[in-house]
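Please read them with the sequence and structure open.

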Amino acid sequence: MITGLAFKNILGNGWRSLINVVILSIVLTGMIWMQGIYDGWGRLARRQMQEWEFGSGHFVQKDYDKYDSFTWDDSQAEIPSSLQQLIKDDKAVPILYSSGVLYPQGRMTPVLVKGIPAGQTVLSIPSAELKETDTTSGFVPALIGSQMAKSSRLQEGDIVTLRWKDVNGVYNAADLIIARVIATPVPTVDVSQVWIDFDRLNEARALENNATILVFKNKPESTDLGADWRYVSTDEAMAGTDAMINAKRAGGYVLFTLLLFLSMIAIFDTQILAIFKRRKEIGTLIALGLTKQQIIRLFTLEGILYMIMGTIFTGTVGLPFFYYFATKGYPIPQEMTGYNIAGMSEAIQCYYSPGMVTTTVLIVLAVTAFASWLPTARIARMKATDALLGKV
Amino acid sequence: MKKLNIIMILAFALTQLCAAFPEGEELLRKIDANMLSNTMKAKTTMIVQTRRASRTMVSNNWSQGTDKAFSEYTAPAREKGTKMLKDGDNLWIYDPNTDRVIQISGNMLKQSVMGSDLSYEDMMEETKMQESYAAVVTDETVYEKRDCWILDLTAKKADVTYQNVKLYVDKERFLPLYQELYAKSGKLLKTYKVQEVMQSGQRWYPKKVLYKDELKSGKGTIFIVDRVEFDVKIPAHIFTKAALRK
Amino acid sequence: MLKFILKGLLRDRSRSFFPILIVTAGVMVIVFMASYLDGFVRSMLNQNARFETGHLKIVTNAYAENISQKPYDLGFIDMGDEMDDWKKDFPGIRWTPRIYFGALLDVPDSIGETREQGNVFGLAVDLKDETVVDDFRLQESLVRGRLPQKPNEIILSETLFDKLGLALNSTVTLLGSSFFGAMSFANFSVCGTVTFGVEAIDRSGLIADIEDVRTFLDMQDGASEYFGYLPGGEYDDETVQNIKQQFNAKYNLGDEFDPVMLALTDQNDLGFLLLYMKFAMALISFVFVIIIGIVLWNAGLMNGIRRYGEFGLRLAMGESKGHLYGWLLIESLVIGIIGSVIGAALSIVAVLYFKDKGFNFSAILKDTSMMVENVIYTTLNWKNVLLGMLPGIMATILGALLAGLGIFRRKTSQLFKELET
């Protein structure tokens with residue numbers, strides 16, 4: 001009965017109710033959208049790093065340490081025979097790392113050389129460009145990222161000398177031709193790196209079928225590939241990026257609090273005036289036998305109903321807005337791709353997880369309920385007779 | 001009959017032609033005999049030309065065979081007293097200001113010595129050419145007014161740092177006057193040009209050499225041998241770590 | 001009339017208390033939010049300015065070409081006279097030198113031979129300058145030990161310290177390459193450790209006093225980079241661009257080792273980021289102001305509507321509609337002003353509090369490190385206060401304006417009847 005009454009009262013308020021519903025809806029939309037951006041960013045970064053760097057899981061040679069360049073030349077091992085079929089089926093890709101020195105414009109620039117099979121499609125690196133189509137020129141096709149191109153002042157078509165040492169300590173050098181400058185959103189496949197063909201690098205280093213990293217298209221069935229290899233899960237690989245995104249998210253929480261406070265003000269204001277305006281009605285209800293608790297519940301319920309209607313409003317009128325940002329995404333301008341974080345080159349598609357949406361709705365609901373309950377304290381103090389007479 | 005004569009004359013001419021180029025191996029042996037000795041004592045000056053300035057470093061050097069070498073820097077003041085000891089594949093450096101002996105190994109050996117175009121590895125590479133390379137004389141030329149043989153060297157072992165070397169050797173003195181050091185792919189990496197020579201007893205030795213990294217833009221590094229003595233008696237304790245601290 | 005209005009407001013709480021409360025709350029939210037957003041952008045700028053870019057940075061042309069590699073051998077040396085000139089030309093700028101370098105760190109055993117080695121990435125700053133120590137939050141990021149106080153003391157990253165098996169006050173030797181390419185050795189004592197907060201640097205980071213490193217690298221009176229900060233500590237792009245223009249015109253004559261000045265916005269694409277963030281913040285502020293405006297307008301409206309009965313009575317008593325309407329507007333103006341002033345005052349208190357203490361997200365992130373700033377400080381800006389007060393006043397009046405129209409539309413008797421409800 002009380003619910004029906006509450007509902008009738010809201011409808012009776014007409015456009016004033018609508019304003020409250022719209023305000024609550026805006027608050028809810030804002031909160032969901034902001035979280036959607038952060039969640040979307042996290043997912044985008046993860047997807048990009050999986051596409052460009054470590055697939056659904058990868059193994060690294062046990063001696064490899066990504067921060068210690070002195071380990072790179074010694075951290076390779078022969079590809080386990082059990083993986084040969086997977087590699088053939090393009091479900092896994094081996095990558096060999098080697099330290100080298102690039103000489104753009106006659107300056108010595110230490111780089112990490114990565115050898116990847118030209119035919120692979122597991123990672124998004126356009127390795128097809130590494131196929132040597134012209135064996136007479138003597139130039140080895142190479143790929144570099146846009147940041148590398150910028151810092152070394154190289155462009156597509158440029159010839160640059162690369163020098164390295166093979167496993168026997170013998171110097172070798174080759175002239176590379178920059179086949180393509182890759183626009184990759186993942187800086188860890190770009191900065192200070194040069195990509196050439198896998199077989200070429202093996203040959204150059206007097207190795208055969210050796211790799212430093214084995215990347216899998218799908219999560220590998222077993223995390224044990226022998227003593228030479230260590231498994232790294234996607235979560236482990238993403239740890240740094242995830243932490244950074246979470247740090248940024250924390251800054252948004254203050255805005256959330258302010259938004260919630262806003263919604264509180266709106267409801268509180270409405271209810272205060274409603275109670276004042278309807279004091280005669282309250283007196284009547286009390287005289288008719290309703291307890292004060294029931295009346296308090298009535299008003300609190302009205303506030304909650306505003307919120308529910310706001311949620312419905314958000315879900316319907318707001319749907320195109322959410323849909324647009326979930327599909328088209330929040331565009332990141334070109335200039336910002338220079339930042340060393342993944343997930344900042346494509347438009348970020350908002351991700352609204354059911355858990356996140358539910359939690360947000362519940363939080364706003366709780367705050368709204370509280371804000372509508374607060375002014376009802378007066379009702380508890382009302383004398384029915386005074387209320388009837390309008391003397392409150 | 002006439003045909004036979006012509007053939008015989010041509011064959012004879014051919015043998016004479018081939019006899020004109022000496023055996024590569026033999027030449028290498030003579031080069032090693034001239035350049036290497038059981039022991040050596042020298043005073044050298046190294047001039048490093050970097051983008052900012054030119055630096056001159058003077059050192060006294062002792063070596064025994066190709067395995068042991070000891071150097072002490074005497075100038076400039078900042079370097080004075082710095083010592084280096086090479087023993088086989090190990091390299092140690094002593095600095096008097098910090099009183100520390102530091103071992104240089106692994107990838108540190110790739111670093112350049114004193115900012116020069118040589119790395120520690122390059123410096124440590126002292127082997128008998130005969131052991132490391134197979135040689136063929138391919139031509140002759142005049143270099144710096146000296147008649148020279150042109151030798152093409154190919155590494156015999158997989159771990160020789162420069163797999164291919166081109167040498168201009170003084171025909172008379174068996175002294176390499178010019179070297180081109182190549183990568184396995186055939187790319188020219190470093191050059192070594194003798195600008196002055198000197199005689200010490202029966203030997204001819206490079207007095208002034210320009211050593212240059214051909215991939216880098218820059219002026220290269222100059223080595224000057226101020227004084228050299230061969231096969232002198234060098235006490236064994238010089239090639240020990242204890243000698244670094246003395 | 002005003003006195004009467006005020007008396008009326010003071011006596012009738014329902015007329016004054018709640019409306020003022022609502023306006024206060026609304027104004028508070030806007031002013032605080034705008035200050036927070038400003039603080040957010042400032043935080044980002046400050047972090048960059050402190051660690052990477054300064055407000056302005058002076059390097060050589062040769063260094064600038066290879067700036068990502070930070071080649072100190074292409075930096076400055078013997079800058080005594082030049083610095084004096086710069087200080088004279090641009091008084092008020094706080095200059096501080098910095099050297100980035102790489103070296104081999106060698107840990108001796110008991111007989112002075114190599115026990116452990118590791119590569120280090122070094123940062124040399126003027127540790128005698130307290131502002132620099134504050135800039136780097138060195139004191140807060142200390143994990144153990146203390147900051148360097150004596151010559152030849154250094155701080156290492158905690159991770160590296162641990163990996164090398166060191167103890168506080170251990171002596172280590174740095175082997176590097178001097179400015180002129182010569183071998184350089186120096187002994188240092190490790191007096192403390194810090195957490196940098198960036199994994200790559202935490203693996204091999206080292207901080208030393210710039211004088212010690214100048215001796216080590218033979219860089220007399222030199223630096224890789226000179227950072228400059230505007231007086232007052234706030235970044236102002238226009239001022240910096242002016243200074244940059246003047247400086248480069250006078251001192252950068254084209255030689256590869258001539259100094260060139262870079263502004264903060266010239267580095268790391270910060271110029272664009274700043275613009276983008278300002279735009280985003282303006283948008284957020286706009287949305288907030290709209291919402292608050294609606295809320296306050298609604299409140300003003302409600303306030304007017306529920307007093308129709310009172311209006312009816314007054315009209316019946318002979319007051320003209322115009323006079324009543326004017327009265328209502330003035331009353332709402334007074335409410336608006338009082339509410340806005342109180343709201344602004346309260347939010348200023350809050351802003352000043354967080355200006356000092358800041359929003360510390362470290363607790364959420366469980367991370368106190370040097371380079372990852374988890375604290376956002378609000379800024380007090382009178383523009384923001386006005387931004388909040390304006391809707392506070394305007395929206396309330398607008399609400400009353402609309403409510404008052406009912407006075408003209410309804411008949412007196414109708415209004416009078418509402419008195420009974």
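1. In chain C, the C-alpha centres of domain 1 and domain 2 lie 53 Å apart. Domain 1 of chain C is made of two stretches of sequence, 2-48 and 272-418, while domain 2 of chain C covers 96-224. The model is a predicted one, and the distance should be read with that in mind.

2. In chain A, my remarks concern strand S10, residues 213-216. Which residues cover its two faces? Ile213(A) and Val215(A) lie on one side, and Leu214(A) and Phe216(A) lie on the other. All four are buried, with 20 or more other C-beta atoms within 10 Å of their own.

3. Strand S1 of chain A, residues 57-61, pairs with S10(A) in the antiparallel sense over four bridges. Within that pairing, Phe59(A) has Leu214(A) as its bridge partner.

4. Strand S3 of chain A, residues 92-103, also runs antiparallel to S10(A), and four bridges join them. Here Ile95(A) is bridged to Ile213(A).

5. The contact between chains B and C takes 19 residues from chain B and 19 residues from chain C. On the side of chain B that touches chain C, strand S6 of chain B (residues 100-104) gives the most, with four residues.

Notes: Residues are numbered from 1 along each chain as its sequence is written. Chains are lettered from A and ligands numbered from 1 in the order in which they are written. This is a predicted model: local features need pLDDT of at least 70, side-chain atom pairs count only at pLDDT 80 or more; totals for chains, interfaces and linings use all residues. Domain bounds come from an automatic or database domain assignment. A residue is buried if 20 or more other C-beta atoms lie within 10 Å of its own, exposed if 12 or fewer, and partly exposed in between; C-beta atoms are placed from the backbone. Helices (H or I, at least four residues) and strands (E, at least two) are DSSP runs, numbered from the N terminus. Two strands pair if DSSP finds at least two bridges between them. Two residues are in contact if their C-beta atoms, placed from the backbone, lie within 7 Å.
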